[in-house]
Amino acid sequence: MSTTDNNNKAFTFRFIDTKPRVLLELTNTTEKTLRSIEILTVFLKDEETSDGRPSQAHIRFDAIKSMHTKDTAVLSHRTWINGKPANDERDQM
């Protein structure tokens, strides 16, 4: 999405602690319907591989197909470690 005014934000967000998971809530603050919203994968800093190699852990969020003006969506995520989904005890959020 592109905008002409950098001060306008497309979303507001907050984290919701639902034990044992933390969820991400996004609200569309634009006057447009947004389509196909994806949060890029978040790669986490790995304490064990400080030599520049890729992190062994990352977080992926669910995608949103469409979000109307002022709509709110709650997204879940999954932490992946060494290419496998982590259980809630090893979640990195």
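Modeller: Before we start, buried means under 20% relative accessible area, exposed means over 50%, and partly exposed is in between, with a 1.4 Å probe and protein chains only. This is a predicted model, in which local features need pLDDT of at least 70 and side-chain atom pairs count only at pLDDT 80 or more, while totals for chains, interfaces and linings use all residues. Residues are numbered from 1 along each chain as its sequence is written, and side-chain values use heavy atoms, with hydrogens and water left out.

Colleague: Okay, so how many residues of strand β2 are buried?

Modeller: Seven of the seven residues in β2, which spans 22-28, are buried, so the strand counts as mostly covered; strands here are DSSP runs of E with at least two residues, and helices are runs of H or I with at least four, numbered from the N terminus.

Colleague: And which way do the residues of β2 point?

Modeller: Val22, Leu24, Leu26 and Asn28 point one way, while Leu23, Glu25 and Thr27 point the other way, and all of them are buried. In a regular strand the side chains alternate between the two faces of the sheet.

Colleague: Which strands are joined to β2, and by how many bridges?

Modeller: Strand β1 (residues 11-17) is joined to β2 by seven bridges, and strand β7 (residues 72-75) is joined to β2 by four. Both pairings are antiparallel, and two strands pair if DSSP finds at least two bridges between them.

Colleague: What about the β1 and β2 hairpin, how many residues lie between the strands?

Modeller: There are four residues between the strands, and in this hairpin Lys19 takes a positive phi near 25 degrees.

Colleague: Back to Glu25, is its side chain buried or exposed, and what does it touch?

Modeller: Glu25 counts as buried because its relative accessible area is 16%. Leaving out residues up to four places away in sequence, Glu25 touches Thr12, Phe13, Arg14, Ile16, Thr72, Ala73 and Val74, where contact means heavy atoms within 4.5 Å.

Colleague: Which side chain makes a polar contact with Glu25?

Modeller: That is Arg14, whose side chain is joined to that of Glu25 by a polar contact of 2.7 Å. A polar contact is a pair of N or O atoms within 3.5 Å; within protein, one must be able to donate a hydrogen and the other to accept it, and residues adjacent in sequence count only if both atoms are side-chain atoms.

Colleague: Where does Ile59 lie?

Modeller: Ile59 lies in strand β5 (residues 57-61) and is buried, with a relative accessible area of 3%. The C-alpha atoms of Ile59 and His77, 18 residues apart along the chain, are separated by 6.6 Å.

Colleague: Last one, what does the charged end of Arg60 sit over?

Modeller: The charged end of Arg60 sits over the ring of Trp80, 5.6 Å from its centre; the criterion is that NZ of Lys or CZ of Arg is within 6 Å of the ring centre and within 35 degrees of the ring normal.
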